[in-house]
Amino acid sequence: SYTTDAKSREENKKTLENLYSLSVDITKIRRLKEWVLLQDVAYVKEIAGILQEMGADETTVANIIERCPEAILHTPAEINSQRALWQLVCQNEKQLIKLIEQFPESFFTTEYQQNQKANILFFQELGLKNNIITRFLTSAPNIFYNPVEKNKNVIETLQRNYLNLGGSEANMKIWILKLLSQNPFILLNTSTAIQENLEFLQKNDFTDQEVLQLLSKLKGFIFQLNSATMQKSMLFSKNMFKCSDQELKQLVLKCPALLYYSVPVLEERLEGLLKEGISIAQIRETPMVLELTTQIVQYRIKKLSALGYDIKSGNLESLNGTKKDFEVTYGKIQSKKERPIFNPVAPLHIED
């Protein structure tokens, strides 16, 4: 929407002067978004003034403009409206300026202000806490660009399905809020896609209770898949583990990643495990190990081997879990190894 025709091919001298006066590194802007410097109109001083009013010092202002140069092309009125909008969920201007410095692109996207406002109010009505909404504004801004009706529609589809699957009215609100806070990108899906994916699971003989269990375990990521990719992943797992449909279903419930990851990802991870001398039988016993990347698996095996722990002969539980889980497991194995044979607090029997 900005003019970059022949007559405005030269950098705007006034813009450059104003940026220099704010100690902005113009070479960074030339490298990133030189077209900003070619525009006939820019509001450098005005935007800097608004940021300073909010409590930003000179370094912060320069940093924000260097990271998001198009900020200076917005009118002061647009930025003040955006400021008022974000203040609906920010505790104070100190928090707001901190967010702008970390996520300037999210703040300076002002084209969808009406949708943003309607969605903020809708999320507040839904019961989402303001700190969660600010997290959405910065890390998943696109969900605010949707008309509020679309987001409402997706939420209603989720609520309806939750109740149809046997979820209770009393727990529904908690379930929806948890799902949203774990994965706000659910809202970028259509109601139809959500419906189709749930039907796919039911057609594959997952009971209503099991479908609910999968939804909670997958943190809503299931809605970003489609039945064709899920079908391929399940077929790959069935062939890999040489198991029946019923056994496959149990493995998927144990490790939803078998449904979520594409065949190339599962193949690569399986190959990495087999290279380390781990057997298919061991993987089948602990399929959750496929949730880890090959690099993480190699790193963890190396650390355990240094303690004399042979992964090939044991189960794979010790490899599993988050970084924190693994550190706890590793610590236990280490202290077991270092524990002295005699009891240092037992009394010594010395002859008189």
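**Figure 1. Contacts of threonine 157 in the predicted model.** Leaving aside residues up to four places away in sequence, threonine 157 touches Ser191, Ile194 and Gln195. The structure shown here is a predicted model. Threonine 157 belongs to helix H10, which spans residues 148-164. The relative accessible area of threonine 157 is 1%, and this residue is therefore classed as buried, the cut-off being under 20%.

**Figure 2. Helix H12 and its surroundings.** Helix H12 covers residues 191-203. The helix contains 13 residues, and the distance from its first C-alpha to its last is 18 Å, close to the 18 Å expected at 1.5 Å a residue. Just after H12, aspartate 205 adopts a positive phi of about 70°.

**Figure 3. Helix H13 and the elements that cover it.** Helix H13 runs over residues 208-217, and its buried residues are Glu210, Val211, Leu212, Leu214 and Leu215. The cover over these buried residues includes helices H10 (148-164), H11 (169-182), H12 (191-203) and H15 (245-254), together with H16. H13 is followed by lysine 219, for which phi is positive and near 50°.

**Figure 4. Lining of the largest pocket.** The largest pocket has a volume of about 520 Å³. Its lining consists of 18 residues, and those nearest the pocket centre are Lys217, Lys219, Ala257, Tyr261 and Glu291. Lys217 falls within the residue range of H13, while Lys219, which follows that helix, has the positive phi shown in the preceding view. At least two lining residues come from each of helix H16 (257-260), helix H19 (294-306) and helix H20 (323-338). Sorted by class, the lining comprises 9 nonpolar, 7 charged and 2 polar residues.

**Figure 5. Placement of the two domains.** The chain is divided into domain 1, residues 10-110, and domain 2, residues 226-335. Taken over C-alpha atoms, the centres of domain 1 and domain 2 are separated by 47 Å.

Conventions: Residues are numbered from 1 along each chain as its sequence is written. This is a predicted model: local features need pLDDT of at least 70, side-chain atom pairs count only at pLDDT 80 or more; totals for chains, interfaces and linings use all residues. Side-chain values use heavy atoms; hydrogens and water are left out. On a 1 Å grid over the protein atoms alone, a cavity is a set of points where a 1.4 Å probe fits but cannot get out, and a pocket is an open set with protein on both sides within 12 Å along at least five of seven lines; lining residues have an atom within 4 Å of a point. Grid points are joined across faces, edges and corners, and a volume is the space filled by probe spheres set on the points. Helices (H or I, at least four residues) and strands (E, at least two) are DSSP runs, numbered from the N terminus. Ala, Val, Leu, Ile, Met, Phe, Trp, Tyr, Cys and Pro count as nonpolar, Asp, Glu, Lys and Arg as charged, and the others, Gly among them, as polar. Buried means under 20% relative accessible area, exposed over 50%, partly exposed in between (1.4 Å probe, protein chains only). Contact means heavy atoms within 4.5 Å. Domain bounds come from an automatic or database domain assignment. The expected span of a helix is 1.5 Å times one less than its number of residues.
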